[in-house]
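Below is a colleague's note on one chain. Please read the points with the coordinates open.

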Amino acid sequence: MSIEPIGFVVLLLGVLSMLNGARFAITALCLSTLLGAAAALQLPALGGSSIQPSHLLVLFLVMTVLLRPVQMQATLASIAYPGPGFWFACYILFSVVSSFFLPRIFAGATLVYSSARDPSGMMSTVAAPLAPGSSNISQSVYLLGDLACFAVVAGLARLGYGRFIAQQLIVASIACFAFALIDLVSFQIGQAQLLDIIRNANYTMHTAETIHGFKRIVGPFPEASAYGAVALAYFAFTLMLWLERVQSRMAGLATLLIGPTIVLCTSTTAYVAGVFLVCMFVLFCLKRLIGGSATTPHMTFLAITLFFIPCAITALSLVPDAWNSIAGLLTTTVSDKLQSQSGEERTAWNTLALIAFVDTATFGAGLGTVRASSFIAALLSNVGLTGTALFAVFVYSLVRAAGRYKSGDRETHAIGTAAVMASIAQIGSAAISGSGTDLGLLFSTSAGLAVGCLAGAYVPRHRAASSPANRRPLEASASPLRAPMYSAP
C-alpha cells in the first residue's frame, strides 16, 4: 500500500473530522465525492486498486459517529426493520456474502468480462472463464463503505442535520460546475495538466477527447459519462429544492450553473437519463398544477420545458452551421452510439453478463465477478435474482416513503423528496452505462438523506424512557435552522 500526496490531506481532514464532529465530516465527505479520478491510497496487492478520498473519509465519518453515542444510536436505527434502510442493508450484506461463495461455486461455468484491474489500471478486454478475483474483495469493501455512509447520513438527518447536509450538497453542486469550468478553460489554453493532481487514480483517463469540436467535459472524473451522471444527480437535487422553494436562491443558482454543463458534457448517459429525468419533473409539476398546489417555480419550469425550449430548438434550426454542429453531436453520442467501437464493446459486456446470469441458474456469479455496461445487467449477473429483488424492494420502499409523507415539517419533506429524485437520477444513469453494482457514495449520501428526512425525528432511548412531562422530540420542537439537539460538537 502506498499513500498518495492527496492521501495525506485526506488523512488530515479525517482527523479534523473526529475532533470537530459530524458537521465537518459531512462537509468533507460531500466535497470529496467530486474527486472521482483521485486516489488517496494505491493497493498493488489488490490488482492495482485505488482508494478514493471519499471512501477513506467514510472510515473517519464512522469513527466520528462512534465517539458520540446518540449519533451511533440514530445510525443503527436508520437500518432497522421495516424502513428502506433495512432493505438496503440486506442487499449490501447479501452482495458481500455472494462475493465469497458464488465465484467458487460457479467457477468455470461460463465466460465473463472480469471487473478486476491489472496493475496498470486496465480491465481485461478478453472474456475468460468465471473465477474468483481481487475485485470480489475490493467491491465488497466499497459496498460496505456505501452502507456505512448511508446509515450515518440517515441517522444524522433524523437528528436534525438534514438541512445542513442539503446545504453541503448544494455547495458540492456549485463546486462540480467550477471543476467543469476549469476543465474547459485549461483545455482551451493548453494547460490540461492543471487538474492532474486530482487525476492520479489507477484508471484509464479520457480527459482530452472532443466530439464535433465540443470538448468532452470530465471535470474531476476520469470520463465524460461519470461527470454527466454526477452532474445530473446534483441537477435533480437542486431543481427539486428550487421547485419546492427550499433554500431557493442557492438551489436556483446551482441549478442554473450545473444544467448547461450537462448539455455540453457530450455524455450519452447524461442525455438519455436527462430526458427521462426532465419527463419526471414535468409530470411532477403537472400533478401539482392539476391538484391546485402549483407555485411560481412549478409554472416557470413547465413554461421553460414545454414552450421556451421547443421554441429555441426551432429558432436554432434556422441557423444551418449551429444546427449541423449540434445535430452531428447528437447523432454521434446517441443515434450512432451502438454502432461505435465503444457501443459494440458495451453490448458484448451486457450480452455475456446476461448469459452468465442464465448459466449460473439465476443465482449470479458473485459481487465483483462480472463486468457489464448496465446497472441492471450487472445486478442480475453478479447478485442474481435475489440481490436484484432486494434492491428493487429498497427503491420501492424509498419512493413510497416520499409519497406517503403527509404531515410534519414542509422543508424536511422537500429535502427528502429532492434526495429521492437525486437517487433515482443516479439509478437511471447507472442503468444506461454502469459497469458494476456499486452506485457510489453520492448515491448513499442522497439515499441516506432521503430516508433520514422522511422517517421523522429520532428520539434517543434514554429520552424515550423519561417521564412524559419532560419528554421533548429532537426536531418536533426545534426549528430546522437551529443546531440539532444532542449533537456532539
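1. Leaving aside its neighbours within four places in sequence, which residues is aspartate 146 in contact with? They are His55, Phe88, Asp438, Leu439, Gly440, Leu441 and Ser444, where contact means heavy atoms within 4.5 Å. Aspartate 146 lies in helix H6 and counts as buried because its relative accessibility is 2%. Buried stands for under 20% relative accessible area, exposed for over 50% and partly exposed for the range in between, with a 1.4 Å probe and protein chains only.

2. On the source: this is a predicted model, in which local features need pLDDT of at least 70 and side-chain atom pairs count only at pLDDT 80 or more, while totals for chains, interfaces and linings use all residues. Residues are numbered from 1 along each chain as its sequence is written, and side-chain values use heavy atoms, with hydrogens and water left out.

3. The protein chain has 16 helices and 7 strands. These elements are DSSP runs numbered from the N terminus: helices are H or I with at least four residues, strands are E with at least two. Of the 489 residues in the protein chain, 52% are buried. Among contacts between residues at least 6 apart in sequence, 74% join residues at least 24 apart.

4. Helix H5 (residues 84–105) packs on H6 at an angle of about 170°, with the axes 10 Å apart. Axes are lines fitted to C-alpha atoms, for helices over the stretch in contact, and angles run from 0 to 180 degrees between N-to-C directions. H5 is therefore roughly antiparallel to H6; the classes are roughly parallel under 35 degrees, roughly antiparallel over 145, roughly perpendicular from 65 to 115, and oblique for the rest. The contact includes Phe88 of H5 and Asp146 of H6. By class, the contact of H5 with H6 has 10 nonpolar, 5 polar and 1 charged residues. Here Ala, Val, Leu, Ile, Met, Phe, Trp, Tyr, Cys and Pro count as nonpolar, Asp, Glu, Lys and Arg as charged, and the others, Gly among them, as polar.

5. Helix H2 (residues 22–32) also packs against helix H6 (residues 134–188), at about 50° and with axes 9 Å apart. That angle makes H2 oblique to H6. Among the residues making the contact are Ile26, Leu29 and Cys30 of H2 and Leu156, Phe164 and Leu169 of H6. The contact of H2 with H6 divides into 15 nonpolar, 2 polar and 1 charged residues.

6. Which residues of H2 are buried? They are Ala22, Ala25, Ile26, Ala28, Leu29, Cys30 and Ser32. These buried residues pack against H1, helix H3 (53–66), helix H4 (69–77), H6, helix H7 (224–243) and helix H15 (441–455).

7. Leucine 13 sits in helix H1 (residues 5–20) and counts as partly exposed because its relative accessibility is 28%. Apart from neighbours within four places in sequence, leucine 13 contacts Phe24 and Leu57. Leucine 13 and leucine 57 are 44 residues apart along the chain, and their C-alpha atoms are separated by 7.9 Å.

8. Three strands form an open antiparallel sheet in the order S1-S2-S3, where two strands pair if DSSP finds at least two bridges between them. Strand S1 (2–3) and strand S3 (49–51) are at the edges with a single partner strand each, so one side of each has no neighbour in the sheet. Strand S2 (residues 41–43) is joined to S3 by 3 bridges; leucine 43 has serine 49 of S3 as its bridge partner.
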